[in-house]
Amino acid sequence: MTDPPHPAGERSWFQAAGTDGARNEEAAMTIIETLGAYAGFALLVLMAVTPLLVELDQRFPAVRRAKVAEREHRIPAASLASA
C-alpha cells in the first residue's frame, strides 16, 4: 500500500526515505526479523508457562523420588570388582 502523492510534490510521513515512494510499504520481513519474532514469542510462552511447570513439579515430585531411590540402590563399583 502506498500513499498518494503529496499535493506539493513532497513525500508524506508514510513514504520511505530515499525510495521516492516506489517501495512497497508492506514488504516481507527478513529472515533475521522472522527468527527474532519467533524467539521473542517462544520466550513469552516460556515465561507464561514457568509458574505452571514449577507448580506441577512441586505437586508431583515423582522424578525426584525416583532419582533418590536409584541412588540408594546403587551397588558400589568396588563390590562388583571383588565378586
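Phenylalanine 41 sits in helix H1, residues 31–59 (helices are DSSP runs of H or I with at least four residues, numbered from the N terminus). This is a predicted model, where local features need pLDDT of at least 70, side-chain atom pairs count only at pLDDT 80 or more, and totals for chains, interfaces and linings use all residues. Residues are numbered from 1 along each chain as its sequence is written, and side-chain values use heavy atoms, with hydrogens and water left out.

**Exercise 1.** Work out whether phenylalanine 41 is buried or exposed, and which patch it belongs to.

*Solution.* Start with the cut-offs: buried is under 20% relative accessible area, exposed is over 50%, and partly exposed is in between (1.4 Å probe, protein chains only). Phenylalanine 41 counts as exposed because its relative accessibility is 54%.

**Exercise 2.** Find the salt bridge and place its partners.

*Solution.* First, the criterion: a side-chain nitrogen of Lys or Arg within 4 Å of a carboxyl oxygen of Asp or Glu. Searching the whole structure turns up one such bridge. It pairs arginine 59 with glutamate 55 at 2.8 Å, N to O. Both lie in H1, four residues apart, about one turn of the helix. Arginine 59 is exposed, at 53%, while glutamate 55, at 40%, is partly exposed.

**Exercise 3.** Check the span of H1 and locate its kink.

*Solution.* The expected span is 1.5 Å times one less than the number of residues. With 29 residues, H1 reaches 41 Å from first C-alpha to last, close to the expected 42 Å. Now the kink: about 35 degrees at valine 49, shortly before proline 51. That bend is the angle between axes fitted to the seven residues ending there and the seven starting there.

**Exercise 4.** Say where confidence is highest and where it is lowest.

*Solution.* pLDDT is the predictor's confidence in each residue, from 0 to 100. The average is 75, and 52% of the residues score at least 70. H1 has the highest mean, 94, and H3 (residues 77–82) the lowest, 64.

Terms used:
Helices (H or I, at least four residues) and strands (E, at least two) are DSSP runs, numbered from the N terminus.
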